[in-house]
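Please have the sequence and the structure at hand while reading.

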Amino acid sequence: MKKKINISILQFIMLTLALTGCQLQKQEITSQDKVEPVEIMHIGKDNYNYDIERFTKQFMGMSLNDAEKYDIRNLNGSYQFQKNGLELIFSPIDEKEKYHTTVVTFYNHNENVGPAYETLIYQEETVDSFVKYYQASLRDYFPKENLENYSKEDAISFCKPYAEALGYGNSEVTVFAMREQELQDISTGRHAGKQILYGAPDPGCKLVYRESELEERKPVAWEKKDEAFLLLYRPLKGGYKIDWGEQEYHMVYVPARNEIVYANGELPFVLETSGQENIISSETALSKVMQANGISNKENIEVISTEMVYSSDLKQFYESGLLHPYWKINFKTKRSRQDSVLTKSTLVNAITGQLSTYDY
C-alpha cells in the first residue's frame, strides 16, 4: 500500500502545482482601474496552527506516543501510522523552504472504502477527469448539498472536530452530496485508452495494504449505502477565504458508516497582515477574463459569481510568503454547447490584473 500512498501524495502535489502555476498573459493596469485598498497577507512566524497530538487522537483514536508504535516510516518529523486498517500520514513537503507545506492524509482501508472514494475523486487520465476537483465545475457533477435523510449541517457537525484538530476551525465549508446515481455515473472512466469502472467499497475485501489483491477483484457497483458528503474547507482571513491549492482540505463522510473514510489536504498557515494595496474593480477584472477568453460581448458570458479571495502562485509564495487579493470569477461561456456545460473559475490578481486559471 506504500506505493499507493506515495502516488496519492504526488497526485495532490501535481494538482496544486497545476492549480497555482498555470498563468495567462499579464495585462496592463492603469491608475484609473484602481479602487479601495485591501490588506496583503503574510505567513506568520509560527507558520502552522495545528496540534499533531490532537489530530492523531481524532483520526486514530490514540495519543501520538501510542501511535508512534505503529509508525512504518520512522522518519524524524514525518509519520505514517497504520493500525486496524486505519492509516494517517503526516508528510512535510519542501522542508528546506522557508515556507514549506505539510500534507495530512487519512484512509480507512477496511473494505477498501477510503481508496474507493479517493480513486473516484482523482481518476486521472479519464475523459471527465476529477482533476476538476479544484474547479467550480465540481458543483456541476454534484449539484445538491443534502442527501435524502441527511443534511449538510449533519455532515458539517460530524466533521467539525476533525477540521478544528487540523486547524480549519475558522473556514468556509463547501458541501457536495455524492448521491447514488451520481456516484455510479462518474465511476466509469478511461485509462490507457480502455473504459474501466471505478468500483465502490468492497465488503469482501478483508486484506488491507495489498493492491495486488484488489486488482484481481471485480469492481463493485455503487449503492444507496455508499452515498456520502464531500466537504471542502478553505481558511478565512479578514473576512475573505484563502482560495489556493496550498491551503485547502477535503473530507469524505459516509453517513451509513458514521465515519470519515478519506481525508486529504494541507495544513493552514498562520497569516498576518502585511500592509495594503489598492485593487482593481470587479468590473475591470471581468473585462480581463472576457479578453483572455476572446469574448467581446457580455451576452456570450454567464457570470455565476464574483468574490474577493486571497491567493498566490508558487514563485511569489516561496520568495516572500505573501498572499494577495484576487477576484475569483465563476462563469460559463455561451459560444458553443460544450462551453455552456461546465462552470469555469478564473482568478484575477486584484493588484496587477494578471490571470490565473483553474482550467488545466
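## The hairpin

Asparagine 84 takes a positive phi near 50° in the hairpin that strand 2 and strand 3 form, where two residues lie between the strands. The model is a predicted one, so this angle, like the other values here, is computed.

Strand 2 covers residues 79–83, runs antiparallel to strand 3 and is joined to strand 3 by five bridges.

## Burial of strand 3

Is strand 3 largely enclosed or largely open? Strand 3 spans residues 86–93, and seven of its eight residues are buried, so the rest of the structure largely encloses this strand. Buried here means that under 20% of the relative area is accessible.

## The whole protein

The protein contains 10 helices and 16 strands. Of its 360 residues, 52% count as buried. The accessible surface of the protein comes to about 16,500 Å², and carbon and sulfur atoms hold 46% of that surface.

Contacts in the protein can also be sorted by separation along the sequence. Among contacts with a separation of 6 or more, 68% are between residues 24 or more positions apart.

Terms used:
Residues are numbered from 1 along each chain as its sequence is written. This is a predicted model: local features need pLDDT of at least 70, side-chain atom pairs count only at pLDDT 80 or more; totals for chains, interfaces and linings use all residues. Side-chain values use heavy atoms; hydrogens and water are left out. Buried means under 20% relative accessible area, exposed over 50%, partly exposed in between (1.4 Å probe, protein chains only). Helices (H or I, at least four residues) and strands (E, at least two) are DSSP runs, numbered from the N terminus. Two strands pair if DSSP finds at least two bridges between them. Contact means heavy atoms within 4.5 Å. Accessible areas come from the Shrake-Rupley method with a 1.4 Å probe; for residues, only the protein chains shown count as cover.
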